[in-house]
Amino acid sequence: MAIDVETVRAETPGTANVLHFNNAGAALPPQPVMDAQVAHLEREAAIGGYEAEAEAEPQLQNTYDAIARLLGCDGNEIAIVENATRAWDMAFYAMPFEAGDRILTSRAAYASNHIACLQVAERTGADVEVVPHDDHGQIDVNALRTMMDDRVALIALTHVPTNGGLVNPAAEVGAVADDAGVPFLLDACQSAGQMPLSVDDIGCTMLSATGRKYLRGPRGTGFLYVQRDWIERLEPPLLDLHAATWTGPDTYEIQPDARRFETYEGHVAGKVGLGVAVEYALELGLGTIFERVQRLASTLRTALSDVPGVTVHDVGRTRCGITTFSAEQKDAQTIQAALRERGINVSVSTPSSTRLDAEARNLPDLIRASVHYYNTKEEVERFVTVLQRVVTE
Ligand SMILES: Cc1ncc(COP(=O)(O)O)c(C=O)c1O
């Protein structure tokens with residue numbers, strides 16, 4: 001069923017204040033997500049933080065269940081953490097890399113992930129290799145296939161990179177990983193909540209995501225999926241009394257499920273809100289969401305490419321809700337500030353957030369306009385009209 005845009009906008013108070021094209025930064029949360037968080041905070045103030053957490057146990061369990069439904073996995077395969085980076089790190093740094101191992105990554109890798117790869121390479125003597133891109137600007141799956149050998153210890157892919165419309169062909173990469181019996185870590189930070197994500201269809205061993213972006217959940221929330229067979233093979237790089245139990249003066253046991261990647265203390269109101277956000281997305285349908293997001297983004301791209309001096313820098317056979325562009329008349333930061341003054345939100349994507357891709361494509365600082373399903377065609381038109389004025393004034 002199509003999305004009732006009027007209703008979702010009425011449930012998104014922020015749409016009355018701003019034209020929000022910064023959904024890949026942090027989307028505007030819907031009212032039920034806000035209500036769930038505020039209600040929990042009020043209970044913490046009224047009866048105490050631990051007591052409110054105990055009372056919220058069913059809602060917290062519901063968050064694991066909702067994420068499991070989103071990904072088509074089991075709740076025990078999910079760890080809830082504070083952001084996508086920590087989720088990715090907990091899986092990545094748990095991998096037992098050795099000298100000579102090969103870590104295969106892609107050109108549009110996210111900066112934090114690549115920095116971690118470089119650190120682990122320095123520490124262990126593993127090699128980090130970048131799989132070439134094809135003519136569409138996405139990971140070249142044939143090249144990846146030819147790179148596979150016994151030394152490949154991990155394939156790490158950014159599904160939707162930070163700086164462009166690209167959706168990498170995750171399921172095709174998953175098929176290569178599966179054929180080779182190599183673990184596959186998918187950074188789904190910007191795809192979660194924007195498009196359907198089935199871990200079985202994709203064939204990933206591990207997946208990381210954040211709450212605040214396309215899922216429209218609270219800031220400071222993220223989650224990690226680890227496939228059942230891999231959980232006990234991965235020793236978390238950090239342990240606490242929640243991830244493990246102190247069983248004797250010199251002994252401890254690590255949790256047998258994905259809770260081993262979590263910590264005891266956390267943002268409980270955020271976790272409750274995250275579950276509501278995931279349910280909200282599931283209710284609308286991820287296929288329906290993606291269809292509308294792609295349609296709006298495509299309209300935006302076409303309109304932007306008609307603006308004199310503006311260059312759209314998006315790539316990919318499949319494109320998503322993120323559009324990046326530059327304008328020859330003004331730098332990205334000046335345009336972002338001028339739009340902000342007019343109640344329009346975008347972000348700026350700098351080369352250091354995707355250095356390999358930015359250098360290969362000679363990208364300047366880019367304006368990133370990312371749409372969501374609650375945005376409208378009228379907002380796209382208004383955005384382009386205002387932008388035209390801003391670049392020429
Ligand atoms: C592709 C990608 N991966 C990971 C992250 C990190 O997410 P978080 O800020 O939740 O750690 C981002 C953030 O922008 C991102 O764009």
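What share of the contacts in the chain with a separation of 6 or more do residues 24 or more positions apart account for? The share is 71%, where two residues are in contact if their C-beta atoms, placed from the backbone, lie within 7 Å. The model is predicted: local features need pLDDT of at least 70, side-chain atom pairs count only at pLDDT 80 or more, and totals for chains, interfaces and linings use all residues. Residue numbers start from 1 along each chain as its sequence is written.

**Overall fold**
- The chain has 16 helices and 15 strands, taken as DSSP runs (H or I, at least four residues, for helices; E, at least two, for strands) numbered from the N terminus.
- Its radius of gyration is 21 Å, close to the 21 Å from the globule rule for 393 residues, so the chain is as compact as a globular protein of that length; the radius is taken over C-alpha atoms, and the rule is 2.2 Å times the number of residues to the power 0.38.
- The C-alpha trace spans about 70 × 60 × 35 Å along its principal axes.
- Of the 393 residues, 48% count as buried (20 or more other C-beta atoms within 10 Å of the residue's own, with C-beta atoms placed from the backbone).

**Domains**
- Domain 1 covers 5-28 + 286-392 and domain 2 covers 32-283, with bounds from an automatic or database domain assignment.
- Their C-alpha centres lie 26 Å apart.

**Domain contact**
- In domain 1, 34 residues are in contact with 27 residues of domain 2.
- Elements that each supply at least two residues of this side of domain 1 include α2 (23-26), β12 (322-327) and α13 (286-305).
- The largest share, six residues, comes from α13.

Methods
Buried ≥ 20, exposed ≤ 12 C-beta atoms within 10 Å, placed from the backbone.
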